[in-house]
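Please read its numbered points alongside the model.

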Amino acid sequence: MIDIIFSINVHINVEFLIRQIKNIDEFVSLNYIIIINPNKYMYNEILKCEFITSKNYIILNNSLEKKRHHGSLTQGIYLNLKNVINKYEFKYFVILSSRNLFYNKLNKENYN
């Protein structure tokens with residue numbers, strides 16, 4: 001059983017995505033998976049990034065070009081959920097923007 005699946009739509013900055021992943025690693029003391037929904041540019045950048053591709057708890061979804069006020073951001077979230085819903089048993093599906101960082105520990109005592 002996985003405690004949390006973090007869904008992240010990403011669009012421009014692989015360095016910040018690395019920072020975000022490191023931040024999750026540091027602040028989340030639960031069993032989790034990260035699923036990433038990138039645009040085409042970020043998909044190609046992520047494939048070149050050994051830090052991300054070497055992590056077995058990170059799933060890279062197919063690329064989707066997203067626009068504001070278009071519904072494609074929601075479509076990216078839906079595709080991430082669709083990708084994991086029948087593959088994993090999990091408690092929470094948490095949607096993060098490409099700018100979210102944790103500042104407090106998330107652990108067994110406080111995540112419910």
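**Salt bridges, core and rings**

1. Glu45 is partly exposed, with a relative accessible area of 22%; on this scale buried means under 20% relative accessible area, exposed over 50%, and partly exposed in between, computed with a 1.4 Å probe on protein chains only. Glu45 forms a salt bridge with Lys48, the closest N and O atoms being 3.0 Å apart. A salt bridge requires a side-chain nitrogen of Lys or Arg within 4 Å of a carboxyl oxygen of Asp or Glu. Lys48 itself counts as exposed, at 63% relative accessibility.

2. The model is predicted: local features need pLDDT of at least 70, side-chain atom pairs count only at pLDDT 80 or more, and totals for chains, interfaces and linings use all residues. Residues are numbered from 1 along each chain as its sequence is written, and side-chain values use heavy atoms, with hydrogens and water left out.

3. The structure holds three salt bridges. One of them joins the side chains of Asp3 and Lys91, at 3.6 Å from N to O. Asp3 lies in strand 1 and Lys91 in strand 4 (residues 90–96), so this pair ties together parts that are 88 residues apart in sequence. Helices (H or I, at least four residues) and strands (E, at least two) are DSSP runs, numbered from the N terminus. Asp3 is buried, with a relative accessible area of 3%, whereas Lys91 is partly exposed, at 43%.

4. Asp3 also meets Lys108 in a salt bridge between their side chains, at 3.3 Å from N to O. Through shared partners, salt bridges join Asp3, Lys91 and Lys108 into one network.

5. The largest nonpolar core has 25 residues, and those with the most contacts inside it are Phe6, Ile24, Ile34 and Ile52. Such a core is a set of buried Ala, Val, Leu, Ile, Met, Phe, Trp, Tyr and Cys residues joined through side-chain atoms within 4.5 Å. Two or more residues each come from strand 1 (2–10), helix 1 (14–27), strand 2 (32–38) and helix 2 (40–47). Helix 1 gives the most, with six residues. In soluble globular proteins, nonpolar side chains tend to be buried together.

6. Which residues does Ile34 touch, not counting residues up to four places away in sequence? They are Phe6, Ile8, Ile21, Ile24, Tyr57, Ile58 and Ile59, where contact means heavy atoms within 4.5 Å.

7. Rings of Phe, Tyr and Trp (its six-membered ring) pair if their centres lie within 6.5 Å; planes under 30 degrees apart count as stacked, over 60 as edge-to-face and the rest as tilted. Phe6 and Phe102 form an edge-to-face pair, with 5.8 Å centre to centre and 75° between the planes. Phe6 lies in strand 1 and Phe102 in the segment after strand 4, so the pair ties together parts that are 96 residues apart in sequence. Phe6 counts as buried at 0% relative accessibility, and Phe102 counts as buried at 18%.

8. Tyr32 and Tyr57 likewise form an edge-to-face pair, at 5.5 Å centre to centre and 80° between the planes. Since Tyr32 lies in strand 2 and Tyr57 in the loop between helix 3 (50–53) and strand 3 (58–60), the pair ties together parts that are 25 residues apart in sequence. Tyr32 counts as buried, at 12% relative accessibility. Ring pairs link Phe6, Tyr32, Tyr57 and Phe102 into a cluster.

9. Charges over rings also deserve attention. Lys22 lies over the face of Phe51, at 5.3 Å from the ring centre, and Lys105 lies over the face of Phe27, at 5.3 Å from the ring centre. The criterion is that NZ of Lys or CZ of Arg is within 6 Å of the ring centre and within 35 degrees of the ring normal.

10. Two further residues complete the note. Phe16, in helix 1, touches Ser98, Arg99 and Leu101, not counting residues up to four places away in sequence. Asn107 is found in the segment after strand 4 and, leaving aside neighbours within four places in sequence, is in contact with Ser29 and Leu30.
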